[in-house]
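Morning, everyone. I have a few minutes on how some chains meet. Please look at the picture first.

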Number of protein chains: 4
Amino acid sequence: MSKIKKIAVFTSGGDAPGMNACIRAVVRTGIHFGCEMVGIKQGYQGMIDKNFIPMNRYSVSNIMQLGGTILKTARCLEFKTEEGQQKAYNNLKEAGIDALVAIGGDGTFTGAERLSKKFDIPVICVPGTIDNDLYGTDFTLGFDTATNTVIEAIDKIRDTAESHDRLFFIEVMGRDAGCIALRAGIAGGAEAILLPEKATAIDDLITTLEDGAKNSKSSSIVIIAEGDKNGGAYNVAQKVKEKISYFDTKVTILGHLQRGGSPSSFDRILGSRMGFAAVKAILAGETRKMVGLKGNNISFTDLEESITRHDFKLEDDLMEMSTILA
Amino acid sequence: MSKIKKIAVFTSGGDAPGMNACIRAVVRTGIHFGCEMVGIKQGYQGMIDKNFIPMNRYSVSNIMQLGGTILKTARCLEFKTEEGQQKAYNNLKEAGIDALVAIGGDGTFTGAERLSKKFDIPVICVPGTIDNDLYGTDFTLGFDTATNTVIEAIDKIRDTAESHDRLFFIEVMGRDAGCIALRAGIAGGAEAILLPEKATAIDDLITTLEDGAKNSKSSSIVIIAEGDKNGGAYNVAQKVKEKISYFDTKVTILGHLQRGGSPSSFDRILGSRMGFAAVKAILAGETRKMVGLKGNNISFTDLEESITRHDFKLEDDLMEMSTILA
Amino acid sequence: MSKIKKIAVFTSGGDAPGMNACIRAVVRTGIHFGCEMVGIKQGYQGMIDKNFIPMNRYSVSNIMQLGGTILKTARCLEFKTEEGQQKAYNNLKEAGIDALVAIGGDGTFTGAERLSKKFDIPVICVPGTIDNDLYGTDFTLGFDTATNTVIEAIDKIRDTAESHDRLFFIEVMGRDAGCIALRAGIAGGAEAILLPEKATAIDDLITTLEDGAKNSKSSSIVIIAEGDKNGGAYNVAQKVKEKISYFDTKVTILGHLQRGGSPSSFDRILGSRMGFAAVKAILAGETRKMVGLKGNNISFTDLEESITRHDFKLEDDLMEMSTILA
Amino acid sequence: MSKIKKIAVFTSGGDAPGMNACIRAVVRTGIHFGCEMVGIKQGYQGMIDKNFIPMNRYSVSNIMQLGGTILKTARCLEFKTEEGQQKAYNNLKEAGIDALVAIGGDGTFTGAERLSKKFDIPVICVPGTIDNDLYGTDFTLGFDTATNTVIEAIDKIRDTAESHDRLFFIEVMGRDAGCIALRAGIAGGAEAILLPEKATAIDDLITTLEDGAKNSKSSSIVIIAEGDKNGGAYNVAQKVKEKISYFDTKVTILGHLQRGGSPSSFDRILGSRMGFAAVKAILAGETRKMVGLKGNNISFTDLEESITRHDFKLEDDLMEMSTILA
């Protein structure tokens with residue numbers, strides 16, 4: 001029988017749709033298996049500030065449909081120091097917390113790994129970020145909702161696109177990873193997609209657009225990941241305009257609206273499954289693992305591996321399709 | 001009995017959700033009353049190019065839910081000349097077109113007024129623009145859908161707003177009129193709303209935001225009409241940041257996504273009523289009027305008045321509420 | 001100067017999208033003008049149970065986008081008795097409440113009228129019901145959102161309608177009033193609309209549908225208000241099928257999903273304006289009035305008149321359009 | 001090099017969101033690899049009626065965001081006969097069609113298998129059905145969109161659910177498979193989920209609901225797959241009401257609105273990938289395979305196996321979670 005009696009859950013880093021579904025699953029699964037459950041507000045900062053709140057099954061009623069995270073997130077410089085980590089651990093111990101479920105991205109995982117290794121407190125991590133850029137899972141929590149948000153924006157813009165000499169540039173999230181740009185670009189029928197993973201010369205982009213115009217395309221939409229080497233949608237629009245001035249260019253910067261919104265069914269289910277699996281793993285004696293979705297099954301990856309490996313890449317068939325289907 | 005046998009409908013200027021509902025109503029109402037119906041593609045350009053298409057009741061099937069306009073719009077420099085107007089008129093005559101329904105904004109109306117006066121061809125105009133900046137109607141076609149689009153964006157951004165030191169700046173459409181900004185700002189619960197109609201000093205904005213922060217607001221959203229004197233969301237964000245650097249600022253530029261999207265029920269009904277009324281007015285011998293909605297009733301305004309008067313203004317109670325409710 | 005120091009707000013009857021925007025406006029406007037504000041939970045039941053909660057400006061933060069009502073509603077048999085009303089009044093007095101803002105429909109107004117007359121406590125009512133069936137306002141709170149919800153459903157069903165021998169019957173809310181059915185029917189492009197206000201013989205409906213089939217309509221959608229004399233969508237579908245068995249009939253009952261959902265911009269603005277106006281009216285010494293929207297302006301109607309008059313009717317042009325445009 | 005020069009694509013059976021994305025991918029991929037492309041209207045009926053239309057890359061412009069299928073579907077009794085199949089094949093040959101891509105469900109596959117075996121015409125099938133009940137793929141086309149549609153409905157209904165004595169019964173699609181009910185029920189936070197795969201006694205359901213009421217649940221939502229043994233939502237509601245009359249029960253039948261709507265990003269990507277893979281498979285000499293998604297990768301299953309095997313089942317962890325998280 002597990003000696004784990006009290007489990008705390010927290011979210012950290014950028015928020016993502018589906019985090020609340022995951023918190024709900026963690027809390028209710030823990031209670032189901034006889035544990036006391038605690039929510040830590042504002043991530044690592046909350047550990048240092050003793051911002052602990054007891055959670056019962058009603059604490060998580062009616063939250064699944066909400067974007068964001070009811071536990072909040074925050075940046076925490078203090079936790080990066082030895083003293084901060086010690087303080088956090090002491091507070092956890094004092095509150096009787098035996099194990100942690102951490103929901104977040106790369107930075108969250110690094111903190112969790114450190115805390116767990118140093119003080120031997122079990123931790124299971126859940127990949128919660130809209131960027132889909134973590135090793136060990138096909139999909140991160142929030143990615144599906146974010147791509148849906150982006151394609152709804154593209155669909156609306158396409159409605160107003162009606163003459164061949166008008167170009168729309170839409171900047172989407174993705175500093176290092178082009179997952180959102182690639183999927184939303186294909187699903188939105190974009191003319192061209194600019195990704196951090198692949199340098200696109202402005203001249204090549206212009207050729208693509210002029211070919212489209214020749215083929216009497218009635219409009220052109222270009223999706224640009226914020227991490228694209230050309231420097232964002234405004235810069236790309238300007239550079240294009242300098243060379244082909246007869247195009248009328250329009251820019252949309254979606255910004256943080258991509259993080260919000262009621263989570264999709266996919267993300268609610270994913271968050272629920274991952275939260276459920278995380279608690280069961282803790283009770284089974286696991287630690288320093290990241291829960292993931294591989295195919296339609298829950299899987300686990302060593303936390304260290306998921307932090308250090310960055311050799312995942314954009315799907316080959318999607319890359320190929322992105323030019324063929326455009 | 002009316003001598004009007006053949007009526008043409010066209011859209012011009014920026015497209016707006018609900019234009020298709022209006023086209024549908026014009027076509028079906030005209031047919032119902034025994035007229036032949038014609039669609040002119042790409043507005044005034046289409047008159048010059050003889051881009052006329054016969055419309056039957058099936059031409060407008062299943063279009064009501066679509067954003068944009070199936071008849072397209074275009075800018076037309078040639079129509080601004082005497083020769084262009086003569087050519088347009090000759091083409092209309094040659095095609096046997098007895099009367100026109102024009103859907104669009106200020107510029108569209110000016111063209112229609114000129115054509116109608118010069119050549120004595122009856123014309124009824126429908127106010128179709130998301131900006132809600134026309135005299136003679138409480139609401140223009142597309143305005144309701146556009147404000148819904150903006151508040152959905154605000155709602156999503158609010159989801160991710162969680163610490164008091166984060167500021168979101170959202171730029172919305174409105175070069176001369178702050179209707180979208182004002183309504184969407186109130187409906188979205190914005191902290192501050194910057195309008196073309198009212199200069200806001202950056203220092204005053206900062207005071208508002210700092211007061212909000214003191215009152216432990218968990219987030220602040222500022223709506224900025226593109227015509228605001230401070231020069232758009234990026235400039236405002238930068239100016240604010242220069243003065244209060246501890247704020248983390250995020251910018252969203254909604255751009256043309258505000259023009260698109262499936263029209264709301266309000267805009268479909270409005271477009272249908274206006275199109276229906278426009279054709280009935282033509283058949284009753286009216287000309288050079290703009291259809292409008294006053295209260296819940298269709299009304300008519302002399303086209304000249306609707307073009308020249310700009311003394312409509314933002315609702316007083318909304319202006320007052322915008323600071324009290326924030 | 002007003003002697004009103006403490007104002008309570010409550011919702012009663014069926015909930016409607018926009019009620020939360022109204023509660024927010026009432027609370028913040030009252031506070032702005034120096035009043036203490038109270039929320040009464042579960043309407044009249046809450047008066048009897050002393051379910052009073054003090055409201056400050058943060059009590060209503062971040063609620064505008066939520067459907068339903070944070071103050072809940074409930075049926076209350078006890079309030080229908082003399083004793084119940086006396087008890088409610090005593091509790092209000094004991095809590096120092098000087099005036100009331102009541103948000104709801106017919107039944108809510110009747111209770112408010114009684115309480116106010118009997119005990120001389122000022123009350124201003126806000127029309128909150130999706131049915132749009134109250135005298136003295138062009139639009140009730142929630143109606144716009146509900147019609148948007150219905151047309152989204154119709155749009156989806158139309159997607160799958162592809163052969164002329166398939167009929168879709170959609171039942172929408174409206175026991176006595178066909179406002180939702182009429183507007184959603186027109187905005188959704190329905191083939192036929194069955195309203196409580198107008199008996200439709202099944203044979204006439206069948207004629208309409210067969211004419212549509214002859215005209216090679218690719219699908220037919222029939223909207224049925226629940227109060228239609230033929231007894232709801234299932235009964236209509238069955239009766240139609242008995243006579244023209246070659247049609248494949250499909251039924252959708254939207255039910256309570258029409259009451260929910262994030263309020264539209266229109267309803268958020270309407271709720272805000274009405275709540276704002278209600279508090280100002282109370283402070284100006286008004287009582288037993290219903291706030292309304294006439295045109296684009298706030299207006300007031302004597303509560304008694306709004307309760308007793310039922311001579312509003314469906315818009316003539318909409319009725320006419322409903323057959324011409326179909 | 002492949003001898004395939006001309007490929008036809010068709011949809012058959014119930015339509016599903018994402019079919020248009022798949023058609024688009026099939027057509028553009030085929031053209032990219034040098035093939036002539038043909039669309040067959042109304043499935044097998046169209047083969048018999050020679051309802052063939054040549055498709056170029058513009059035939060599939062701007063369709064990805066549309067629900068339904070631009071190629072229509074139809075039932076076809078004649079194709080079930082030997083003569084019908086022979087006629088279909090003769091027409092295909094006459095039109096020079098070398099291979100087929102069939103998008104649909106079980107019935108579609110059976111027809112394709114027969115045609116292909118009998119006449120040696122290569123065929124690749126794509127699983128397009130909202131029910132997610134096909135062997136050989138984790139997800140069928142349209143399932144993701146349908147579950148999103150259902151949870152949006154549940155979210156709206158939850159908004160209006162406010163007293164512990166009110167029960168909402170929502171009937172969703174699924175005659176034989178409870179995939180939609182299970183996922184939407186979990187993602188919507190339903191109190192209870194009734195599935196075709198698992199008989200639920202009314203008494204057990206009542207116990208669950210009464211336990212919820214005891215735990216002061218503010219509302220209860222029950223999801224019922226249409227194939228549940230108790231006979232649909234109306235019957236369940238009535239049976240429950242007979243036993244616990246103090247509950248106020250409300251029924252929603254979502255019906256065909258679950259089939260429609262603009263496809264989600266997931267379904268657009270899935271349709272694009274499957275269509276892309278189907279054409280590549282045909283050109284690589286494959287036949288009688290079903291394209292599927294296993295994990296995040298495209299896979300292939302023998303068509304015969306996908307038709308005959310029905311041993312897929314609902315995910316174990318989802319089944320377990322459905323009671324624990326409720």
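**Chains, pairs and a few residues**

Let's start with one arginine. R183(C) counts as buried, at 7% relative accessibility. Buried means under 20% relative accessible area, exposed means over 50%, and partly exposed is in between, with a 1.4 Å probe and protein chains only.

A word on the ground rules. This is a predicted model, where local features need pLDDT of at least 70, side-chain atom pairs count only at pLDDT 80 or more, and totals for chains, interfaces and linings use all residues. Residues are numbered from 1 along each chain as its sequence is written, chains are lettered from A and ligands numbered from 1 in the order in which they are written, and side-chain values use heavy atoms, with hydrogens and water left out.

Back to R183(C). Where is R183(C) placed? In helix α6 of chain C, residues 179-187. Helices here are DSSP runs (H or I, at least four residues), as are strands (E, at least two), numbered from the N terminus. The side chain of R183(C) makes a polar contact with the side chain of E315(C), at 2.9 Å. A polar contact is a pair of N or O atoms within 3.5 Å; within protein, one must be able to donate a hydrogen and the other to accept it, and residues adjacent in sequence count only if both atoms are side-chain atoms.

What does R183(C) touch, not counting residues up to four places away in sequence? In chain B, I269(B), R273(B) and N296(B). In chain C, F139(C), F143(C), T147(C), E315(C) and L318(C). Contact means heavy atoms within 4.5 Å.

Now a serine. S265(C) is found in helix α9 of chain C, residues 265-283. Is S265(C) buried or exposed? Buried, with a relative accessible area of 1%. Leave aside its neighbours within four places in sequence, and S265(C) is in contact with T147(B), N148(B), I151(B) and A187(B).

So much for single residues. On to the pair, chain B and chain C. How many residues of chain B are in contact with chain C? The count is 47, and they meet 47 residues of chain C. The size of an interface is often given as the accessible area lost when the parts come together. Chain B and chain C bury about 4,200 Å² between them, with 55% of it on carbon and sulfur atoms. That area is what two parts lose on being put together, with a 1.4 Å probe, summed over both.

Next, the charges. There are 6 salt bridges between chain B and chain C. A salt bridge is a side-chain nitrogen of Lys or Arg within 4 Å of a carboxyl oxygen of Asp or Glu. One of these joins the side chains of K280(B) and E320(C), at 3.0 Å, N to O. On the chain B side, the elements giving two or more residues are α1 (19-32), α5 (143-160), α6 (179-187), α9 (265-283) and α11 (316-324). The largest share, 8 residues, comes from α9(B).

How do the two copies relate? A rotation of 180° with 0.0 Å of shift along its axis superposes chain B on chain C, RMSD 0.0 Å. The two copies are thus related as by a two-fold rotation axis. Which residue of chain B comes closest to the axis? G295(B), at 1.4 Å by its C-alpha. And 100% of the interface residues of chain B are also interface residues in chain C, so the copies meet through the same surface.

Chain A and chain D next. Here 47 residues of chain A are in contact with 47 residues of chain D. They bury about 4,100 Å² between them, 55% of it on carbon and sulfur atoms. The count is 6 salt bridges. One of them links R273(A) and D317(D), at 2.9 Å, N to O. In the chain A side, the largest share, 8 residues, comes from α9(A).

Which chains do not touch? Chain A and chain C have no contact, and their closest C-alpha atoms lie 10 Å apart. Chain B and chain D do not touch either, with nearest C-alpha atoms 10 Å apart.

Note on methods
Copies are superposed by least squares on the C-alpha atoms of residues with pLDDT of at least 70 in both.
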